[in-house]
Amino acid sequence: MKPAPFDYTRAASVEAAIALLASAGGEARVLAGGQSLVPMMNLRIAQPRHLVDVNRIPGHDYVRREGDELVIGFLARHEHIRSSPLVLEACPLMAAAYDFVAHGPVRNRGTLCGNLCHADPASEMPAVMLATHAEMEVQGPAGSRRVPAGEFFVGLFETALRSDELLVSVRIPVAPKRQGWGFHEVSTRKGDFAFVCVAALLQVESDRVVAASISAAGIGARAVRLLGLEQSLAGQPPNEATFRQAAEDASATVPFHDDALVPGEYRRELLSVLARRALLDAAARALSSDL
Amino acid sequence: MKPIEIAFTLNGKPRSAEVRPRVLLSDFLRHQMGLPGTHVGCEHGVCGSCTILLDGRSARSCLTFAVQIDGSEVETVESLGTASALHPIQKAFQEEHGLQCGFCTPGMLMVARELLEHHDTPSEEEVREAIAGNLCRCTGYQNIVAAILSAAAKLRAEKETTV
């Protein structure tokens, strides 16, 4: 199908883009990589009256380090981020999760910030943002504000972003030296959206888990932190028996999305297994970086 | 919703056109530019048949609006070879039976070209990764992979003889 008619404006600056969004009174959408928005427009699920193209705004395709934060601008494309040595060093969890994100031509165009604003419930990057305690720097007519990932993802395709705001950058705390990470996913084919994916970060001292941050996507309307699982691991020995039990307990209490393709009970089983595998990987990496 | 004037480079030649914002690049190439080599399969970014190169990187032309290519360089499958003078990648597809019905072929050729521009000795796994976003409904993947590996060898040989 073809998209419904719309007005198109190419914004020259962030301020111009925000002014355009504000003047459209909620009828405008930002066009960045277009890899989620345009399919929805082609299928007429989305029919924005106005598109604000931000692709030519100079100076926002960066991936850089600012102090103890990895900062990614709104025009940084997936492929650029995925192949960045800085990301591999400062956020290895993200680099690993990128192995599961889409395919070359989609990654060439799609942006991280656009992906996060789309807030697909089965997308990998919202889970990575939650596990890493990232913050979203959002700019609107009144100035900018920082929204923690935990408050940014509100519901199904829904974020805390207002209609006159632009997500200008993502700020991810640089991974501490002895933090281990793990990311596991099951989907129909590689590159598809996840049935379930789990992101885990662990710190281990004297054979005890001292910090855990774990998130999952694909199980419900939005990506979630698995707070109960995190708490149950505190002070425990980082071994298979601990992780198996904790992951089973945690997945028993989470409500699951059920559909014709993937029954809720299967998602529950996947969460349990993938959480255990992600935790085992994270523990092994935390211990090997200890040496 | 008025037409917007755009200027761009298409298969190496400077072009300009007037286009309405809602026109997809895939339709623009086929209907306004008269280049039907770019195929439209699913029209929502799943099948990869419409893959072109936008400023040297592969992109779905069905997920790009034609107005967005203003100032850019676009290459379609027509930039490769002609029926009488096939590009080495096209020649390899012919020799290795890398196409059956041919519908997915333009997209396959363009991602193969992007891959081989960056890696002159790709592994089979890298080839499979490169075509992972392109569907062949004849399921002829084995021969497509063989064709791209053969094309890599042809291009390497070509490079050696020109040095």
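Author: A residue is buried if 20 or more other C-beta atoms lie within 10 Å of its own, exposed if 12 or fewer, and partly exposed in between, with C-beta atoms placed from the backbone. Of the 163 residues of chain B, 43% count as buried. This is a predicted model, in which local features need pLDDT of at least 70 and side-chain atom pairs count only at pLDDT 80 or more, while totals for chains, interfaces and linings use all residues. Residues are numbered from 1 along each chain as its sequence is written, and chains are lettered from A and ligands numbered from 1 in the order in which they are written.

Reader: How many helices and strands does chain B have?

Author: Helices (H or I, at least four residues) and strands (E, at least two) are DSSP runs, numbered from the N terminus. Chain B has five helices and five strands, in the sequence pattern β-β-α-β-β-β-α-α-α-α.

Reader: Which strands form the open sheet in chain A, and in what order?

Author: Two strands pair if DSSP finds at least two bridges between them. In chain A, five strands make an open sheet in the order β4-β5-β10-β6-β7, with antiparallel pairing. Its edge strands, β4 (63-66) and β7 (143-148) of chain A, each pair on one side only.

Reader: How many bridges join β6(A) to β7(A)?

Author: Strand β6 of chain A, residues 135-140, is joined to β7(A) by six bridges, and the two run antiparallel. Within this pairing, E135(A) stands opposite P148(A) of β7(A).
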